[in-house]
Amino acid sequence: HALKAVLKKRGLTTGVGDLALSPDGRKIAFVMHGDVFAASAKDGGDAARVTTTHASEGQVAWAGDSRRVVYSSDRDGAWHLYLYDFGSQQERRLTNTVGNDVTPVWSPDNKAIIFARDGKELRSLDVATSVEKVLTTGVFNYPPLLSEAPYGYSPDGKWIAYLGTDRRGFVNAALIPSGGGESHPVSFTANTNAGFVRWSPDGKYLI
């Protein structure tokens, strides 16, 4: 209902995507005609425009503190990650390479973000320093603007589950320590397509 109120004020009925509710339940972030907006989740109200570019933005993900969002943008050709802080009302570019950086996911402690680079690497990024680390390499054939990530942190932040494609073209789930290390396969099916991995709230099982 809040989003409908926002659209009504702007005289719009289409062009909205990547809707994300903040962890505190008070705000919504969404993409409308290629830009990121945020509004109250209670009554919509006036939407604050987060980005104003001629490029496409998407894949909005809230930090656990509900004060920051990270998103992908192709404003210079390749897709890169940007962070917006609602407290300072400042945007900060997080990645800057010739490759495509997509599908960001926050760590439970909000100190790191994992993302896919060029469909070949799963990387982590320290939010405070922007220092990156390659967690694992492989074939990650994720669409450029996949809204829901095919990987995610365990509730305690110690493990990352992800979907990867092996040499035979089969897609299966695996685990890797969040700080990097040896990958551990956890599914062994001869399938070429898979959905999203999800942890149980207590971290005892993976769906």
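This is a predicted model: local features need pLDDT of at least 70, side-chain atom pairs count only at pLDDT 80 or more; totals for chains, interfaces and linings use all residues.
Looked up the nonpolar cores first. The largest has 27 residues, and Trp106 and Tyr151 make the most contacts inside it. By nonpolar core I mean buried Ala, Val, Leu, Ile, Met, Phe, Trp, Tyr and Cys residues joined through side-chain atoms within 4.5 Å. Buried is under 20% relative accessible area, exposed over 50%, partly exposed in between (1.4 Å probe, protein chains only).

Numbering runs from 1 along each chain as its sequence is written, and side-chain values use heavy atoms, with hydrogens and water left out.

Back to the core: among the elements giving it two or more residues are S7 (78-85), S9 (101-106) and S14 (159-165). S10 gives the most, 5 residues. I also found a second, separate core of 12 residues, including Trp62 and Tyr82. Strands here are DSSP runs (E, at least two residues), numbered from the N terminus.

Next, the sheets. One is open, with 4 strands in the order S5-S6-S7-S8 and antiparallel pairing; a pair needs at least two DSSP bridges. S5 (57-62) and S8 (90-93) are its edges. S5 pairs with S6 (68-76) over 4 bridges, and I noted Ala61 with Val70 as its bridge partner in S6.

The other open sheet I checked runs S13-S14-S15-S16, also 4 strands with antiparallel pairing. S13 and S16 (184-185) each have a single partner strand, so one side of each lacks a neighbour in the sheet. S15 and S16 share 2 bridges, and Leu175 stands opposite His184 in S16.
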